[in-house]
Amino acid sequence: DSIGAEIFVPMIDSFTANMQQYRADLAAAVARSDLKTAKRIAHALKGLCAQFGAPRVAALARFIEDQAKDLDEVTPLLPQVDVAVDATQAS
């Protein structure tokens with residue numbers, strides 16, 4: 001059996017909605033200068049995108065979670081996250 005549209009389409013819709021929410025939550029955490037929350041959100045975004053085959057978003061989120069030492073390293077990545085999320089959603 002293959003996954004039919006009745007299952008696949010809602011899964012993709014849920015993925016894109018969650019990805020968009022994590023993107024917004026990440027930006028909000030950075031705006032609040034909350035690095036700890038930004039890293040937690042990046043962890044969730046990384047996992048979601050890794051499961052659904054969105055490697056560019058997952059890689060950016062992985063960097064934020066694992067390597068960013070402060071918000072000065074995260075803030076410049078937000079536009080890249082936006083572009084990667086938009087490109088993933090358009091695919």
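Close-up 1. Asp86 is partly exposed at 41% relative accessible area (buried is under 20%, exposed over 50%, partly exposed in between; 1.4 Å probe, protein chains only). In this predicted model, local features need pLDDT of at least 70, side-chain atom pairs count only at pLDDT 80 or more, and totals for chains, interfaces and linings use all residues. Residues are numbered from 1 along each chain as its sequence is written, and side-chain values use heavy atoms, without hydrogens and water. Asp86 meets Arg23 in a salt bridge, 3.0 Å from N to O (a side-chain nitrogen of Lys or Arg within 4 Å of a carboxyl oxygen of Asp or Glu). Arg23 lies in helix α1 and Asp86 in helix α5 (residues 78–90), so the pair ties together parts 63 residues apart in sequence. Helices are DSSP runs (H or I, at least four residues), numbered from the N terminus. Arg23 is buried, at 15%.

**Close-up 2. The Glu65–Lys46 salt bridge.** The closest N and O atoms of Glu65 and Lys46 are 2.7 Å apart. Glu65 lies in helix α3 (residues 55–66) and Lys46 in helix α2, so the pair links parts 19 residues apart in sequence. Lys46 counts as buried, at 17% relative accessibility.

**Close-up 3. Lys39, buried without a salt bridge.** Lys39 sits in helix α2 (residues 35–51). Asp66, the nearest side chain of opposite charge, is 6.8 Å away (Lys and Arg count as positive, Asp and Glu as negative; His and the chain ends are not counted). A polar atom of the Lys39 side chain lies 3.0 Å from the backbone oxygen of Glu65. The backbone oxygen of Ala68 lies 2.7 Å from a polar atom of that Lys39 side chain.

Technical notes: Helix = DSSP H or I, 4+ residues; strand = E, 2+ residues; numbered from the N terminus. Polar contact = N/O pair within 3.5 Å; in protein donor to acceptor, adjacent residues only side chain to side chain.
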